[in-house]
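Reader: I have a model open and want to learn how to read it. Can you take me through the features one by one?

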Amino acid sequence: MTSPDDESPLRGVAQNAEASARYLTDIQRTLMNIGRKLETLQHETRVHLRSTHVEGDRWKEAHLRALPVEAAMKKTLRDLKKAVDDLERVTFKRRAHQEKVNALPAIRKEKQLAKARKKNPTQIQAAPGNPGESTQGVSGATGMGYGNPTSIHDLKRKSA
C-alpha cells in the first residue's frame, strides 16, 4: 500500500491536463525504450535458442523447443505496444475532457438564454435584415409579422 504522502504529487498531476499529458508522455517514452530493448532481447534469444542443439536432436527439434519462449516474448511485446498506444489515447481523451469542461459554462449560458427566449417570446427581436416587414401585412395581421408573405410565391394571385 502506498501512503497518502506518496500520492500527493500525482494528485496535482491528475488535476492539470498539461501536467498529465507530460507525465503520460514520459511514461510512454520509457515504455518505448523498454520495447526496443525487449525487441533486441527477443532477437538474441531466438538466435541462441534455435542454435542450441542437443546430441541426438533431429533437424527441427531446437526450433520447436524455442517456439514457446518466442511466443511469450512476442505476446509481451504486443502487450507493451498496446499499452503505449493506450497511453497516447488517454492523453488525447484527457485533453479533450479539459476542453469540454472549459467550454461548458458558455454552453450552459447559451442554453439558459434559449430557455428564457422560449418562455418570453416578446423579447425576440425582428431580424435586422427585414426592418419594414413587420409593418406590412397582406392579411392585416400586425405584431410579429406572421401574416406577411415570406416569398413571391406566397403572394395571392389577383386575376385581371
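Author: Start at a helix end. This is a predicted model. Asn16 caps the N-terminal end of helix H2, with a side-chain oxygen 3.1 Å from the backbone nitrogen of Glu18.

Reader: Which residues of H2 are buried?

Author: Buried residues here have under 20% relative accessible area. In H2 they are Ala17, Ala19, Ser20, Ala21, Leu24, Gln28 and Gly35.

Reader: Why is Leu24 called buried?

Author: Compare its area with the cut-off. Leu24 has a relative accessible area of 16%, and buried means under 20%, so Leu24 counts as buried.

Reader: What does Leu24 touch?

Author: Look past the sequence neighbours. Not counting residues up to four places away in sequence, Leu24 touches Leu87, Val90 and Thr91. The C-alpha atoms of Leu24 and Val90 are separated by 8.3 Å, though the two residues are 66 apart along the chain.

Reader: Where does H3 bend?

Author: Check the span, then the axis. H3 runs over residues 61-119 and has 59 residues. Its end-to-end reach is 83 Å, close to the expected 87 Å. H3 bends by about 40° at Leu104. A proline, Pro105, follows within four residues.

Reader: Which H3 residues are buried?

Author: Ala62, Ala66, Glu70, Met73, Leu77, Leu80, Val84, Leu87, Thr91 and Arg94. Two of these, Leu87 and Thr91, are touched by Leu24.

Reader: Arg94 carries a charge. Which side chain of opposite charge is nearest to Arg94?

Author: A salt bridge needs the charged atoms within 4 Å. The nearest side chain of opposite charge is Glu18, 8.8 Å away. Arg94 is buried yet has no salt bridge.

Reader: What does Arg94 touch?

Author: Leaving out residues up to four places away in sequence, Arg94 touches Ala14, Gln15, Asn16, Ala17 and Ser20. Among them is Asn16, the residue that caps H2.

Reader: Now zoom out. How many helices and strands are there in the protein?

Author: Three helices and zero strands. From the N terminus on, the elements run α-α-α. Buried residues make up 12% of the 160 residues. Among contacts between residues at least 6 apart in sequence, 51% join residues at least 24 apart.

How values were computed: Residues are numbered from 1 along each chain as its sequence is written. This is a predicted model: local features need pLDDT of at least 70, side-chain atom pairs count only at pLDDT 80 or more; totals for chains, interfaces and linings use all residues. Side-chain values use heavy atoms; hydrogens and water are left out. Helices (H or I, at least four residues) and strands (E, at least two) are DSSP runs, numbered from the N terminus. The expected span of a helix is 1.5 Å times one less than its number of residues. The bend at a residue is the angle between axes fitted to the seven residues ending there and the seven starting there. Buried means under 20% relative accessible area, exposed over 50%, partly exposed in between (1.4 Å probe, protein chains only). A polar contact is a pair of N or O atoms within 3.5 Å; within protein, one must be able to donate a hydrogen and the other to accept it, and residues adjacent in sequence count only if both atoms are side-chain atoms. Contact means heavy atoms within 4.5 Å.
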